[in-house]
Amino acid sequence: MRFIITKQIIENIVSSMQPFLEKKDASSITSHIYLEVNNDKLILKATDYEIGLESQIDELNESVNGKATVNGANLLGILKRLKASEIIIESNENNLVIKQNKSTFKLPMYDPNEFPSLPKPDNLNKLDISMLNLINSIRKITPAIDNNNPKFELNGALVDIKSNRINFVATDTRRLAVSHLQNISNSENQFIIPKKAIIEIQKLFLDDANISYDDTNLIISNDKMKFFTKLINGKFPDYDRIIPKSLKHNFSLPKDMLIESIKLVTSLFSNIKITFSSNCIIFESLDEDSESKTQIDINLNIENNFYLAVNAKYLLDFLSLTKNENVAIGFNESNLPFYLEDEKFFTIVMPIVLEK
């Protein structure tokens, strides 16, 4: 195998493959990137078995067909040190050789025939939504996906395809985030995408792509790239039970004013109390060792004061992902979960219970 390529082109691809490599065991073939030259095209693959990426490069100046593997982290380390000009990459016995001008680097190879195959999108269900809609929907719920929860199904996002809408759902048990799209033609189904895959999808895909899935894998592909992830095999909680059927109070409040007030009182401590009265909203820190307090004058037209106590991060996560100037906040009682809503996106937050 041999090819000549512009350094920046291959460096960008090798860099994008780093999250897909086995990190703990450098002796594993899954710590390697697979390279194959076939008819002036370069195919690169990386996978740790749970998640994988295949990319294709057409911009080869000279090439000889063949296959190789190389440690992905080491390859990137070399590419970063080279100058922004053409490089020669070729296999020589059991080594991959990288050359630029008078510099030469050799890295050991494994048998490329031993590299694991990536799943193919044949005979899978097609998810008929645009890539832009998918990314916008999962981006809104990403902060609410849990990390390392013993209930492993919470370490991912549920795609819940209902008859008339598609819900994208995540919860870390302190909040529930749901964004939704209209379902035009997809059959009812459910699957759970791991958090790592959710994050990588948002980095990789800017243009439209084909989305397909079965009980085991999700595959997203376009002309230059194919991504796959194993799905989480588990039962996501019945999130519909958490969504309030009615709300006593529902306000439309200015987003920027909320963000400014919350940030003012959370410089030292993240837990805050927000008190609503007929003519103002008071924000105050729950830090016992210091006092931070601010107020918005606004006519809410309510008879009795009530409050919510909450980790401000949950509010700021929601507000940072909203598009409109105003957001809706809904309540039933103090110390009960409350509801935040913007266009096609809502979050329900468990409050901090304060003694009355």
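This is a predicted model: local features need pLDDT of at least 70, side-chain atom pairs count only at pLDDT 80 or more; totals for chains, interfaces and linings use all residues.
Residues are numbered from 1 along each chain as its sequence is written, and side-chain values use heavy atoms, with hydrogens and water left out. Local features need pLDDT of at least 70 and side-chain atom pairs pLDDT 80 or more, while totals for chains, interfaces and linings use all residues.

The structure holds two cavities of 30 Å³ or more. A cavity is a set of points, on a 1 Å grid over the protein atoms alone, where a 1.4 Å probe fits but cannot get out; lining residues have an atom within 4 Å of a point. Points are joined across faces, edges and corners, and volume is the space filled by probe spheres set on them.

Of its 13 lining residues, Leu258, Ile262, Leu315, Ile329 and Leu340 are the closest to the centre. The lining comprises 13 nonpolar residues, with no polar and no charged ones (nonpolar: Ala, Val, Leu, Ile, Met, Phe, Trp, Tyr, Cys and Pro; charged: Asp, Glu, Lys and Arg; polar: the others, Gly among them). At least two residues each come from helices H5 (255–265) and H6 (312–320) and strands E19 (271–276), E23 (326–331) and E24 (338–342). These elements are DSSP runs numbered from the N terminus (helices H or I, at least four residues; strands E, at least two). H6 gives the most, with three residues.

The second largest cavity holds about 50 Å³. Its lining includes Lys140, Arg175, Asp317 and Thr347. Helix H3 (131–141), strand E13 (175–182), H6 and strand E25 (345–349) each give two or more residues. H6 again gives the most, with three. This lining divides into eight nonpolar, one polar and three charged residues.

Methods:
On a 1 Å grid over the protein atoms alone, a cavity is a set of points where a 1.4 Å probe fits but cannot get out, and a pocket is an open set with protein on both sides within 12 Å along at least five of seven lines; lining residues have an atom within 4 Å of a point.
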